[in-house]
Every structure is written in C-alpha cells, then in structure tokens.
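Let's take a friendly walk through a structure with the picture open beside the text.

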Amino acid sequence: MTDIADRITRFLVETYPPLRERGIAPEEALLGSDLIDSVGLVELLAFLEQEFLLEVPDEDLVPVHFQSINALARYIASRQSSSPAETSP
Amino acid sequence: MTTPPDEKTALLVQGFDAQSGLLTLRGPLVSLRTSLDALFREWAGEVEAEEYAFPPLLSVRSLALAEYFQAFPHLATLATRIEPGDGGVERFVRSQPRDPFEEIAPECLAAARFVLPSAACYAVYAHFQDTVLSDRLVVTVVAPCFRHEESYSAGRRQWAFSMREIVCLGPEPAVTAFLQHYRTRITAKLHEAGLPHRIAEATDPFFNKRDPRRVMQKLSPVKHEILYRDTLAIASFNFHRTFFGDRFRIRTPSGEPVYSGCVAFGLERWLSACLQEYGARLEQWPAALRPRI
C-alpha cells in the first residue's frame, strides 16, 4: 500500500505546483480544502484509472475514499485485491 | 373520512399536458402557489434579502460564462426568432401551409442568443458581473424556469416551472452561515407542520458524469435537498464555493472571487406536497406553511 500512496503523492506534487514546494502528508485532507479544485479531482481520477488499470465506478465516488492519499491507497488496494485472479486460457 | 391523495392532487393533473410537460393552474391552486411564494419571500426577508425581478431571458454569453452548455446542454431551452435578414420574415409568411402547423423549421430561425434559464439564480450572477462586493449581499428572486426532461409528471417534473431562490454572495463564513440558517429554519418549519421529509446529499443532473463540478459535488458534498416522502426534492441548499464569483468576476475589495450559495424552492413541487398532505384549502394548512400576511 505504501507503494500506491507514493505513486499518488508523486502525481500530486508533480501536477500541482503549490504542492511541489510545501509537499503533502499521506493523511492530510484532500477534500474540503483548497489543495485540489474540481478540475484537479477529475485529473486525479484519470491518473488513478490509468496508473492502476481500473475503473472507478460512480458509486465509489464518495468522500471516504478520497479524503486523503492514504484513504485513496486503501481504496486502490481493496480494488486490486477484489479483482478476479487472472487465469490462463 | 380523509380524502385520498389522488383526489387531492387531481386539480394539478387536470391542468397538465404530460407530453409537453406544461402545467396550467386554475382557481385555488393559483392562490396556493402565490401563498407559498409569499411564505418563501417572508423567509428571505429574515436575512434582509433584496428582491429583484430579472428579465425571463438570459444571454447565451452569460450562461456560457457559467459553463452551462458543457454542464447542462440537455436541459437548455433556447429562445430565438424568425430570421429577419434577407427577407426572411416575408419568406416565412409565404411558406406557411394553410393548415395549422406544429413546428417551425430551423432554417427559418435566427441563431439563438438567449436562453430561458433552468434556475433562477443565474440572473443574479450575471447581474453582478464585474462588481466588487465590500460585504455580504443577499438577493431573492422568483422566476419561471425551464428544463427539458425525458419525461414529465404534474407538480413533480415539468418543462416550465416556478422557482424562488435566495442567493448569498460574500465571504465564505457568511455564505456557509447563510446556508446553515436556512437549513435549520426550513427543517424546523417542516417539523412544526408535520410534513414528512428528510435531508439528503444531491448532485445536479450534469450531462457528463465526469464533469468536474459533478465529481466535486459527489466527493465534497456541496448540494443538499429536502426530500418530501423520500421522493420529491422540494428545496435545495447549494454551496458553489467561488465558482460563480470566479466566472463572473464578482470580487472582494482585495480582488478575490466571492463565495456564493443559494436556497431554492420549487413552487409547484411544494404545491404538490402540500396539496397531498393538507388539501386545497389554505385555512387547513399548518400555520408554519402559511404567510403571515
């Protein structure tokens, strides 16, 4: 899960210049602050889907999954562990 | 013996064209809707809202500033005219069939530069475009609103309906306090009246599910609705953060975009709910839902 959190952190600090200087802690609130605006959230969603090869369904767009980098990492990890195991044809 | 709900709302259904989604009110229903609006106007007076009456049309330019045509193109009702240039009106008159007709071909029409808006508050932001607000500003307005929908239902979902809004612009604490005031005030009134309701998080009907504003509404709930009997949204509380302040360049003296929020009441939906609960005689409605004057 640390690897997932690190990849999300890297994306955020590389994408949002203010975060590059101040950094962002894994438990820091992403929502309800002015850290990321609405366009930024959509960019973050697109990154998660591309980076971790999954689709975030509409019903998973809930604050509990997006409240911090760690919350996002937990969500991604749970999605990965619940994916059906790949089987040979 | 109590009157069944169907009979109580029969007057609404009688005046409804379900295909076009257009509702005609008559007799006591007109007075009841007027009474409900007077009640909401009184509530607006509690925060010294200034009342405005804006033109029913908004320019495409104004709504484009609000990114309306990306967010809600499917709802839009455009206003245009017979193309006047190059003898267009004469040509249109000559080409009319003798029999009554139901539509006018788009090639006869001028480009649409105005819209019949889908919410009353857009006119407020357009009116205050490029202004500086030194303090909190509260405005109230009632307006006919228009939303194209997949299907319609009398008193619940119409193409044309009436909306009263109370809009607050200013510093963030003032706007959040305004929204909290009305949330507390209205739910207290509904408890007093015994109208079955609950508050729920909500999202606007964005055309694109990944519209940034929709994603923000889902992840950081900024819109709440009062649901009557779990199904009918009769009022909404909307916190826009600095979206409209930014787009319409409404700023604080230090140059920052103002925050905004609004409380919206769908008049026909309130009428439908109150008819169902209390019938069509105002004197039988609870005092909490009747205006003082």
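## Before we start

What you see is a predicted model. Every value below was computed from that model, so treat the numbers as a description of the prediction.

## Chain A: the helical chain

Let's begin with the secondary structure of chain A. It consists of five helices and zero strands, and along the sequence the pattern reads α-α-α-α-α. The radius of gyration of chain A is 14 Å, close to the 12 Å that the globule rule gives for 89 residues, so chain A is as compact as a globular protein of that length. Along its principal axes, the C-alpha trace spans about 50 × 25 × 20 Å.

How much of chain A is buried? Of its 89 residues, 38% are buried. Contacts tell a related story: among those in chain A with a separation of 6 or more, 61% join residues 24 or more positions apart.

## A closer look at helix α5 of chain A

Find residues 69–82 of chain A, which form helix α5. This helix has 14 residues and reaches 20 Å from its first C-alpha to its last, close to the 20 Å expected at 1.5 Å a residue.

Which residues of α5(A) are buried? They include Ile69(A), Asn70(A), Ala71(A) and Leu72(A), and Ala73(A), Tyr75(A) and Ile76(A) are buried too. What do the buried residues of α5(A) pack against? Their partners in chain A are α1 (2–15), α3 (38–51) and α4 (63–66).

## Chain B: helices and strands

Chain B has eleven helices and twelve strands. For its 293 residues, a compact globule would have a radius of gyration near 19 Å, and the 21 Å of chain B agrees with this. Its C-alpha trace spans about 60 × 60 × 40 Å along the principal axes.

In chain B, buried residues make up 48% of the 293 residues. Of the contacts with a separation of 6 or more, 73% are between residues 24 or more positions apart.

Start with Gly15(B), in the loop between α2 (10–14) and β1 (16–17). Is Gly15(B) buried or exposed? Its relative accessible area is 18%, which is under the 20% cut-off, so Gly15(B) counts as buried. Leaving aside neighbours within four places in sequence, Gly15(B) is in contact with Leu22(B), Leu23(B) and Thr24(B). The C-alpha atoms of Gly15(B) and Leu25(B) are separated by 6.1 Å, and these residues are ten apart along the chain.

Next, turn to Arg61(B), which lies in helix α4 (residues 60–65) of chain B. With a relative accessible area of 70%, over the 50% cut-off, Arg61(B) is exposed. Where does Gln276(B) sit relative to Arg61(B)? The two are 215 residues apart along the chain, and their C-alpha atoms are separated by 41 Å.

Definitions and conventions
Residues are numbered from 1 along each chain as its sequence is written. Chains are lettered from A and ligands numbered from 1 in the order in which they are written. This is a predicted model: local features need pLDDT of at least 70, side-chain atom pairs count only at pLDDT 80 or more; totals for chains, interfaces and linings use all residues. Side-chain values use heavy atoms; hydrogens and water are left out. Helices (H or I, at least four residues) and strands (E, at least two) are DSSP runs, numbered from the N terminus. The radius of gyration is taken over C-alpha atoms; the globule rule is 2.2 Å times the number of residues to the power 0.38. Buried means under 20% relative accessible area, exposed over 50%, partly exposed in between (1.4 Å probe, protein chains only). Contact means heavy atoms within 4.5 Å. The expected span of a helix is 1.5 Å times one less than its number of residues.
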